[in-house]
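Please take a moment to look at the protein shown here before I describe it.

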Amino acid sequence: MEHGRSSFTVTFQSPFWVGLAERWGEEGYQAARVVFGPEPTDPQVYQWLEREWCQLPFTAPAAGESPKPDSVSPKRRQREAPRALSRTSTQSQAALSRQREADGLARQTRRRDEKREAEEQKFRLRQEKKREKKRGH
């Protein structure tokens with residue numbers, strides 16, 4: 001049985017600090033983006049993750065392979081950390097844009113239905129007024 005992997009990266013995207021959560025599991029790759037605002041400290045990030053990880057709005061699962069854990073020395077990993085922060089994951093960007101498009105389509109559909117319902121309500125009121133006038137009351 002394969003266990004899932006998760007990562008959380010905090011970066012500065014002008015003018016806010018943004019957290020990018022990624023997870024790979026049996027169902028596929030998922031990503032979520034969170035805006036922090038001012039720079040969070042490490043303890044604040046850890047506390048926030050403990051509290052909010054379960055409620056993050058992850059994207060729908062997409063096909064994607066989990067990155068293989070490298071057996072890299074800690075010093076090399078420390079040197080590579082700034083480079084890893086400078087580049088953003090195109091896979092996460094694609095997943096987040098798909099989620100944004102899906103949310104936009106759902107919002108359009110909901111607004112269209114609400115507008116249609118309001119127009120039908122107006123029509124019913126007009127018809128009722130017509131009937132009342134015709135009755136002579």
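**The end of a helix, and what lies around it**

Just after helix α3, G136 takes a positive phi of about 85°.

First, a word on the source. This is a predicted model, in which local features need pLDDT of at least 70 and side-chain atom pairs count only at pLDDT 80 or more, while totals for chains, interfaces and linings use all residues. Residues are numbered from 1 along each chain as its sequence is written, and side-chain values use heavy atoms, with hydrogens and water left out.

The protein has three helices and three strands, arranged along the sequence as β-β-β-α-α-α. Helices (H or I, at least four residues) and strands (E, at least two) are DSSP runs, numbered from the N terminus. Of the 137 residues, 20% count as buried; buried means under 20% relative accessible area, exposed over 50%, and partly exposed in between, with a 1.4 Å probe and protein chains only.

Helix α3 covers residues 90–135, 46 residues in number, and reaches 67 Å from its first C-alpha to its last, close to the 68 Å expected at 1.5 Å a residue. That expected span is 1.5 Å times one less than the number of residues. The buried residues of α3 are S92, A95, L96 and G104. What covers them? Strands β2 (16–24) and β3 (29–37) are included in the cover.

Let me turn to the nonpolar cores. A nonpolar core is a set of buried Ala, Val, Leu, Ile, Met, Phe, Trp, Tyr and Cys residues joined through side-chain atoms within 4.5 Å. The largest one has eight residues: A21, A32, V34, V45, W48, L49, L56 and F58. Strand β3 and helix α1 (42–52) each give two or more residues to this core, and the largest share, three residues, comes from α1. A second, separate core of six residues includes L20, W24, A95 and L96.

Leaving aside neighbours within four places in sequence, A32 is in contact, meaning heavy atoms within 4.5 Å, with G19, L20, A21, L56, P57, F58 and L96. Residue L56 is placed in the loop between α1 and α2 (74–86). Is L56 buried or exposed? At 11% relative accessibility, L56 counts as buried. The C-alpha atoms of L56 and V34, 22 residues apart along the chain, are separated by 8.2 Å.

By way of contrast, consider S6, in strand β1 (residues 5–13). S6 is partly exposed, with a relative accessible area of 47%. Its contacts, apart from neighbours within four places in sequence, are E22, R23 and W53.

Finally, the second largest pocket. Its lining consists of A32, R33, P57, T59, L96, Q99, R100 and D103. A pocket is found on a 1 Å grid over the protein atoms alone, as an open set of points where a 1.4 Å probe fits, with protein on both sides within 12 Å along at least five of seven lines; lining residues have an atom within 4 Å of a point. Both β3 and α3 supply at least two lining residues, and the largest share, four residues, comes from α3.
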